[in-house]
Each structure stands twice: as C-alpha cells, then as structure tokens.
Amino acid sequence: MMISLPKRPLLRRWCLLTTRLLPLVVCALPFGALMATDSPAPPTQLSDSTIQLRLETFARLDASLYQRSPKVKRLVDETAAVLANDSRLLVLIKHFGLNDQSEALLALARSHAEDSDGDEAIRLLLKLNPEAVQGLAGADSSTLLRLLARNGSGAALDVVIPALLSGKTDDQNQARIVEAICRKKTGAQRLLQGLDESKDPLKKKISEVAIRVLEQTPWNELLTRFRAFGPETPATKNPSLADIQQLLQKEGNADEGRKIFQSATGSCINCHVAEGVGRDLGPNLSEIGKKLGKDALYDAILNPTAGISFDYEGWNLTLNSGDEHTGIIVSRTENSISLKNLLGQVIEVTPSEVFELQKMTTSLMPSGLGQLLGEKPLVDLVAYLSSLGTSSTEPQP
Ligand code: HEC
C-alpha cells in the first residue's frame, strides 16, 4: 500500500520535512532526555522502560565518557546498581570496562552457570579484575570453578587445576570440571602435568573422566598418558578387535547400528552425516555402503589414520591470544584462514592473529572408537554403514 501525499505544494513540503526530520529527532531524544535528568529518581525506583532507554543510549556513547564526564559516570553507576543480578549488566560492564563490579560479576556467573551469560561474566571478570578470581580456589565455589574450566584460558586454569587437585570439589562438579578442562588441548596437557604429583585415588577418578573425553578427540598421545594413570579400559582388554577377518564372519543388526551411530558414545554424528542426521566435519556417509565394503569400513573405523583424504586433514591452530582450535581448514586466502572446529563452528582469523598452524599427522577421527564400543556394537555399526546408499537403507518397521 502506498501513502499518497497531499497535493498542495506547501503542505506537501511540510510532510516531506517531517518524515525526513522526525527519525533524527527521535534518535536524539533519548540522549537529550537522559542528560536532562538532573536529579534522577532513587535507584530502586527506575522503571524498566527507563533502564532500557538508558542502556540503549549508553550503547551509543563513547566509552571514554565514563572517565571524562562525571554525569555519565554517575548515571552509569546508578544504572549498574539497579541492574545487580540482571544479565543486561554484562553489556554495561563490557562497554565501559567497569572494573569495580567483581561482586556483581561473581553473582551473575553463579546464577547463570548453565548458560552463556555465565561464561561472559567469567570472561569479563578475568579481563577486568583477575585478582578477584584468585580467591576462588580455596572457597567453596564448585560452580564458579566449573565456569573457569569452561573458559579454559591460562589464568582460569591457574585457579581451577590446583583447586581440582586438592580434592575440594564434590564428585559431580569434579567430573564436569575435568570434562570442561579436557575439551581444550592445553587444558588436558596442564591437567596431566598436575596429576603426576597428585594422590592415587584422585588420580584414578580424574583420569577416568579425562579418558572418556579424550577418546572422542584426535589427541591420542594425551589419551595414552592418561590411560597410564586410569583404571583398565576396554581398549587394554580387547586387543583382538583389530582382527578384521574374524569380525567379517559375524552378522550385525543394522537397526541397532543406527542407534549406535546416533548415540553419544558412538560420537559418529559429531563429525558425520548419515540419513540427514549429524554434523559434517568428516565425509558424508549417506552413501558409504556403495563406496566401501565391510572390510574397508572396519578398517576406516579401526585405523582412521591409515588413509586420510586430502580434504579432511586435521589442523591445530594456535592464536597469539593463546586460543587453540582443532579442525579442518575450509578456506584459506592471503587475508584469512577459516577452520571448522570439532564442534562444527567455523573460526575465521587473519594470518596476523596466528601463532602456529600445524598439520596433524593423525586423523581427526579418534582411533579408539572401535575399542571403545566393543565387538557387538561395532559389528552392528558396520552392518548399518554398509546398508547406507544401498536399497536396504529404508528404515525397517
Ligand atoms: C572427531 C571427528 C570424527 C568422529 C567422532 C568420527 N569420525 Fe569418521 N572420519 C572423520 C574424518 C575427518 C574422516 C576423514 C579423514 C580420515 O579418513 O581419517 C573420517 C572418515 C571416516 C570414514 C571413511 C569415509 C570415506 O569416505 O572413506 C568412515 C567409514 C567413518 N569415518 C566412520 C565413522 C564412524 C562409524 C564413527 C563413529 C564410531 C566416526 N567415523 C567418528 C572424523 C570423525
């Protein structure tokens, strides 16, 4: 629908003027209105719309005004006080680099431990007030330690690993902390160093969790070193699995195999798509039954490093910031490198951010998966894979 403008020239000009000018006036309004509030209401009485208006206005202000203008500082501080325990505070702290908000950040981290606001709170805390983090090691703060573990930066690990190794965390948090640490290679490496000197029962418990995580990563040598501390695993008990000839004699159940393919233990769908399910870091397996026979399928699962195809070589990328990523390179030009990590996220960086880019000598696909699953599930899995792309793929009732 068109809006027709009045035909009389004067009126028409006035209309044009207002339609063009009005947006400008509206934009300028919040700032003007805000700066005019000379004596603001006591903090607890700020209405939600006032807070929202202020936040929008602050977002447009130059951050240095916080230092330069006492008025801005007062308004920001006042709004921050009202927002205690509201995650909108994070935006404010980040924008103005407020470094006196440790308590509020710790509270937000605790109350948002299960979502990304908790991670952001910890990130800001480590950046703006790292000393506040040091004290957490001794305190009863398993939740915060878990967030620090997830953060994974050097400063965070400095606090988490000693706390973990002193046995202060309860069992459930302990497992989650170890899991989070081991998702990053430096984390797993530093945990391993610490474990060397720690006590036996704890060593075993921590290693058990670390092994479970590392079995799904390509960091085989770290896995082997944790295994030396940990309990006996199927991998050390089941060496005959490598005997493919013997496996080929067994009849598998493709429906059971599908369940394993799609299960968390199998972890196949972390990197492969089949029948429209999964993430495509490795090759799409929707038609793999046409391409590979059962013997080659066993070989691909049990010895992934034997034949890595060019498109799927793994790379370790270390940035100057200390961040590490493992995955495949999806594009590389003079000005940018894009790497798809093990979580399927694409990380794009410029060459100047790169500290080291190293091609892995092993496959990205973990080598212990066959052993991890055990014989019967492995036979079912291969039965499923070999049905893919052939006429028997139709799901059976
Ligand atoms: C961490 C990622 C990852 C996981 C987990 C993973 N794979 Fe792979 N897989 C790859 C990559 C990358 C390749 C290609 C490079 C290579 O062959 O080593 C591959 C190759 C394969 C191939 C050969 C495909 C071809 O076209 O030649 C098969 C078959 C396979 N995977 C099956 C599985 C199964 C079954 C599972 C679960 C038990 C699994 N993969 C788990 C990453 C993974």
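Between which two helices does the loop that holds asparagine 85 lie? In this predicted model, asparagine 85 is placed in the loop that links helix H4 (70–82) to helix H5 (89–96). The backbone of asparagine 85 adopts a positive phi of about 70°, although the residue is not a glycine. Most residues other than glycine have a negative phi. Asparagine 85 counts as exposed because 11 C-beta neighbours lie inside 10 Å, and the limit for that class is 12 or fewer.

A positive phi also occurs at glutamate 275, where the value is near 50° in a residue other than glycine. Glutamate 275 belongs to the loop between strand S1 (273–274) and strand S2 (277–278). With 14 C-beta neighbours inside 10 Å, glutamate 275 is classed as partly exposed.

With regard to the overall fold, the protein contains 21 helices and seven strands. Of its 397 residues, 30% are buried. When contacts between residues at least 6 apart in sequence are considered, 60% of them join residues at least 24 apart.

Helix H12 (residues 185–196) and helix H14 (residues 220–229) pack at an angle of about 30°, and their axes are 11 Å apart. The two helices H12 and H14 are therefore roughly parallel to each other, since angles under 35 degrees fall in that class. The crossing of H12 and H14 is left-handed. On the H12 side, the contact is formed by Ala188, Gln189, Leu192 and Leu195, which meet Leu222, Arg225, Phe226 and Phe229 of H14. By class, this contact of H12 with H14 comprises six nonpolar residues, one polar residue and one charged residue.

In the second pair, helix H6 (residues 102–111) and helix H9 (residues 142–151) pack at an angle of about 90°, with 9 Å between their axes. H6 and H9 are therefore roughly perpendicular to each other, because the range from 65 to 115 degrees defines that class. The residues that meet are Leu106, Ala109 and Arg110 in H6 and Thr143, Leu144 and Leu147 in H9. Four nonpolar residues, one polar residue and one charged residue make up the contact of H6 with H9.

Phenylalanine 261 is located in helix H17 (residues 254–261). Phenylalanine 261 has 24 other C-beta atoms within 10 Å and is therefore buried, as the class requires 20 or more. Residues up to four places away in sequence aside, phenylalanine 261 touches Gly266, Cys268, Ile269, Ala274, Leu381 and Tyr384. Phenylalanine 261 and aspartate 380 are 119 residues apart in sequence, yet their C-alpha atoms are 9.5 Å apart in space.

The surroundings of the ligand were also characterised. The ligand has 28 residues around it, of which Cys268, Cys271, Gly282, Ser363 and Met365 come nearest. Cys268 is also one of the residues touched by phenylalanine 261. By class, the shell around the ligand holds 19 nonpolar residues, eight polar residues and one charged residue. Helix H18 (288–291), helix H19 (294–302) and helix H21 (375–387) each supply at least two residues of this shell. H19 gives the most to the shell, with three residues.

Key:
Residues numbered from 1 in each chain as written. Predicted model: local features only at pLDDT ≥ 70, side-chain atom pairs only at ≥ 80, totals over all residues. Near = placed C-beta within 6 Å. Helix = DSSP H or I, 4+ residues; strand = E, 2+ residues; numbered from the N terminus. Nonpolar A, V, L, I, M, F, W, Y, C, P; charged D, E, K, R; others polar. Axes fitted to C-alpha atoms, helices over the stretch in contact; angles between N-to-C directions. Parallel < 35°, antiparallel > 145°, perpendicular 65-115°, else oblique. Left-handed = near helix turned anticlockwise from the far one by under 90°. Contact = placed C-beta atoms within 7 Å.
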